[in-house]
Amino acid sequence: MAAGVRASESWVLVCFGALLARWVAAGLEAVTIGEIHENITLHCGNISGPRGLVTWCRNDSESVFLLSSSSSLPPAQSRFSLVNASALHIEALNLQDEGNYTCSEVLNKTETRRFQVWLQVATPPPSAPQCWAEVSPGLFSLQLNCRWAGGYPDPDFLWTEEPGGVVVGTSKLGVEMLSQSQLSDGKKFKCVGSHIVGPELGASCVVQIRSPSLLSEPMKTCFVGGSVTLTCQVSGAYPPAKIMWLRNLTQPKVVIQPSGHHLITQSGQSSTLTIRNCSQDLDEGYYVCRAENAVGVREVDIWLSVKEPLNIGGIVATVVSLLLLGLAIITGLLLYYSPVFCWKVGSTFRRQDMGDVMVLVDSEEEEMEEEEDAAEEEEEEASEREESPIEITKYGHIHRVTALVNGNVDQMGNGLQALQEEPLLLAELKPGRPHQFDWKSSCETWSVAFSPDGSWFAWSQGHCIVKLIPWPLEEQFIPKGFEAKSRSSKNETKGRGSPKEKTLDCGQIVWGLAFSPWPSPPSKKLWARHHPQVPDVSCLILATGLNDGQIKIWEVQTGLLLLNLSGHQDVVRDLSFTPSGSLILVSASRDKTLRIWDLNKHGKQIQVLSGHLQWVYCCSISPDCSMLCSAAGEKSVFLWSMRSYTLIRKLEGHQSSVVSCDFSPDSALLVTASYDTNVIMWDPYTGERLRSLHHTQLNPPMDDSDVHISSLRSVCFSPEGLYLATVADDRLLRIWALELKTPIAFAPMTNGLCCTFFPHGGVIATGTRDGHVQFWTAPRVLSSLKHLCRKALRSFLTTYQVLALPIPKKMKEFLTYRTF
């Protein structure tokens, strides 16, 4: 036994000696490739004849004994054996067998010959080859690519034209460049990959190149001062085509570049050109959509007609006048030729019961008075008929018809609710003729806002101007039919002395607006030293986000500029104050950041929130001041903690850029609006998606554009938390009930950009691209006791706290808005 142990130790020493000896007589090396799961034989040099003592070792990180020609040493594995007393035979190769093998042969006591063999195990790729075509970088030529990854060694590739099998090229990389003569629409190219392990016929994939095909409307119409969208849809192009818009005014055609007048968007292989503020002199004519790839070029012409807007009111008035004129002529002829017939017909109609006329009953007293009047009139008619049978009877109820015409039709005698099918337009404010401004000015109303107490309305009317208007509006703006219902506080404000509207010249395009109450500064002396213009009494302030990245803080009552906040490097798109009145301001900017400002500390910037990869469009602080939501030109929404200013989570679910967000009044819900035409309702505490509201085009469409017509611009919650309002590119204001998946009301509007509810409900304000503001009636309902309880509880309980309460499951679902 001792002798055997000494013998094994001696052979291990021989293997180590084979690695370290510098005196090896022969140091030959070889590379052998074996197929996985097959057998292979590794030869110990190319020597024939009698051999000395042969030992095989594995030499990777350390030397491992495998096999020896000495019968006293067994092999390391049963798969190893010696052939011809020198060659190593390995059965059933696996990937672990790959490595460096050393054969040592003892020639005599002083000489040893060593031979190294590198064994590589060949494996076939696990999947089929993939091939594609692309335009080579820097050159407008086509490049074919073929990849067959995962095997060893690398396969060989053969590209051929199909049908016919004409060889294009062979290579190890699978890349071939095609000349222009080889390109034609519909041609197929086949890539065949071959590998030493198989399969025998190789594996293949096919690429078919296609020139683009275009689909578009041949003619479009735009009214002067309006906007129109031209659409170009590319199909069948491979590789994908590059799409350009050209103006067919001169030769060669002029390429249209994006600008304030021309807006070009592209989604996949679809492109749109939106022309704003159409002009007959500048915009009427041919437009060319060109799609080009390496295979071919296609162009389509679109004729744009620019017309003066139709005078609908004039047309209706003309038609009504013609009808009345015709009726008058017919009546005159009948009276002239057959007066007795007209008299009998008139008497027949006058004797009919007027009970079928729709009656507006305002009170029980009025109804009783009308009944008494009707009884008196009937008695008079009876007596008159006795005295003079041909006396004309009176219209006892005609004042009721007049009430139907002059009054509001939303409260009828049959007890219908006050909610109309379409919101009523209460008023529309238009900017006056602007002064001379520089090129940085614009006319869009990007933001509208009510003060928290509802006493002021702010309006970015374009041309760097913000209008501050006292609320309620002046008498001339409100229709008489609505005045009796919504103007109850008018007399009260008159008694106190009505404030006057203010005009704030901000010097830059105004994008964002936000109100906040300003309490008395804690240290009047400190504020007076640093900011003598800041009032030392409580007041109302307005923050304006500008085009140059500045934020200006104004005192509303006086129009005085209080602070100027600097830090953003691009447009300040949105602003939001904490609802608690703590004077913490959040700003969202196109520089892809949000910044937190503390107006209690002289407008100091206390935090910068980074993480968005695109422009930040919107920011909203939850009413309980615990969370901040930010929406950017991305498919996800960021939720931040307002306590630690750290990211809580990302909400993912939209398919396009998210442009607007808002919290419910109890902070339990978050709604986000996106260009993908969807509004998503979230639970901000858990990140759960509760409901999606899809915006579909009405039939018939209100706009003759057919791409992205329902892309959303703005969304907001009503003050009681029961309704949503959305503004979309299809020229509609929609009102949604929280429990329903379809809108409950629509209102037609032009080029809407933003919307907000009056803090006390009943009114929605919307802003448009032409600088106008429109005020609409909103649902004014009495919240149920259940909803009031839910709203009160969720104002201080999170979703997790509600779920932990010992209450029934259905009650938990109701409190967490899971009953939709």
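Predicted model: local features only at pLDDT ≥ 70, side-chain atom pairs only at ≥ 80, totals over all residues.
**A chat about strands, loops and confidence**

Student: How many bridges join strand 42 to strand 43?

Tutor: Five bridges join strand 42 to strand 43, which covers residues 670-674, and the two run antiparallel. Within this pairing, valine 658 stands opposite serine 674 in strand 43.

Student: What holds strands of a sheet together in general?

Tutor: Strands of a sheet pair through backbone hydrogen bonds, and the pairing can be parallel or antiparallel.

Student: Stepping back, how many helices and strands does the protein have?

Tutor: The protein has twelve helices and 52 strands. Of its 820 residues, 45% are buried. Among contacts in the protein with a separation of 6 or more, 55% are between residues 24 or more positions apart.

Student: What is the mean pLDDT of the protein?

Tutor: The mean pLDDT is 77, and 74% of the residues reach 70 or more. Over residues 1-27 the pLDDT is below 50, and this stretch has 29 contacts in the model beyond near neighbours in sequence. The pLDDT is also below 50 over residues 341-367, a stretch with 22 contacts beyond near neighbours in sequence.

Student: Now strand 28, please: why does it count as largely enclosed?

Tutor: Strand 28 (residues 465-470) is largely enclosed by the rest of the structure because six of its six residues are buried. Both of its faces are covered, with Ile465, Lys467 and Ile469 buried on one side, and Val466, Leu468 and Pro470 buried on the other.

Student: Which strands does strand 28 pair with?

Tutor: Strand 28 pairs with strand 27 (residues 456-462) in the antiparallel sense over six bridges, and with strand 29 (residues 502-505), also in the antiparallel sense, over four bridges.

Student: Where is serine 447, and is it buried or exposed?

Tutor: Serine 447 sits in the loop between strand 25 (425-429) and strand 26 (448-450). Serine 447 counts as buried because its relative accessibility is 9%, and the cut-off for buried is under 20%.

Student: What does serine 447 touch?

Tutor: Leaving out residues up to four places away in sequence, serine 447 touches Ala458, Trp459, Ser460, Trp511, Gly512, Leu513 and Cys754. The side chain of serine 447 also reaches the backbone nitrogen of leucine 513 at 3.4 Å.

Student: What about phenylalanine 450: which strand is it in, and what does it touch?

Tutor: Phenylalanine 450 is found in strand 26, and at 9% relative accessibility phenylalanine 450 counts as buried. Apart from residues up to four places away in sequence, phenylalanine 450 touches residues including Trp456, Phe457, Trp471, Phe515, Phe757 and Phe775. The C-alpha atoms of phenylalanine 450 and leucine 513 are separated by 9.5 Å, and these two residues lie 63 residues apart along the chain.

Student: Changing topic, how many residues of strand 18 are buried?

Tutor: Six of the eight residues of strand 18 (residues 228-235) are buried, and the strand is mostly covered. Three bridges join strand 18 to strand 16 (residues 213-215), running antiparallel, and in that pairing leucine 214 stands opposite valine 234. Six bridges join strand 18 to strand 22 (residues 270-275), again antiparallel, with threonine 272 as the bridge partner of threonine 231.

Student: Last one: what feature does UniProt place at residues 784-820?

Tutor: The UniProt record, an unreviewed entry, places the feature "domain: SOCS box" at residues 784-820. In the model, the chain over residues 784-820 is 59% helix and 0% strand, and its end C-alpha atoms are 16 Å apart.

Notes:
Residues numbered from 1 in each chain as written. Heavy atoms only, no water. Pairing = 2+ DSSP bridges. pLDDT = per-residue confidence, 0-100. Contact = heavy atoms within 4.5 Å. Buried < 20%, exposed > 50% of the residue type's maximum accessible area, 1.4 Å probe, protein only. Polar contact = N/O pair within 3.5 Å; in protein donor to acceptor, adjacent residues only side chain to side chain. UniProt positions renumbered as here; feature names shortened; annotations may be inferred.
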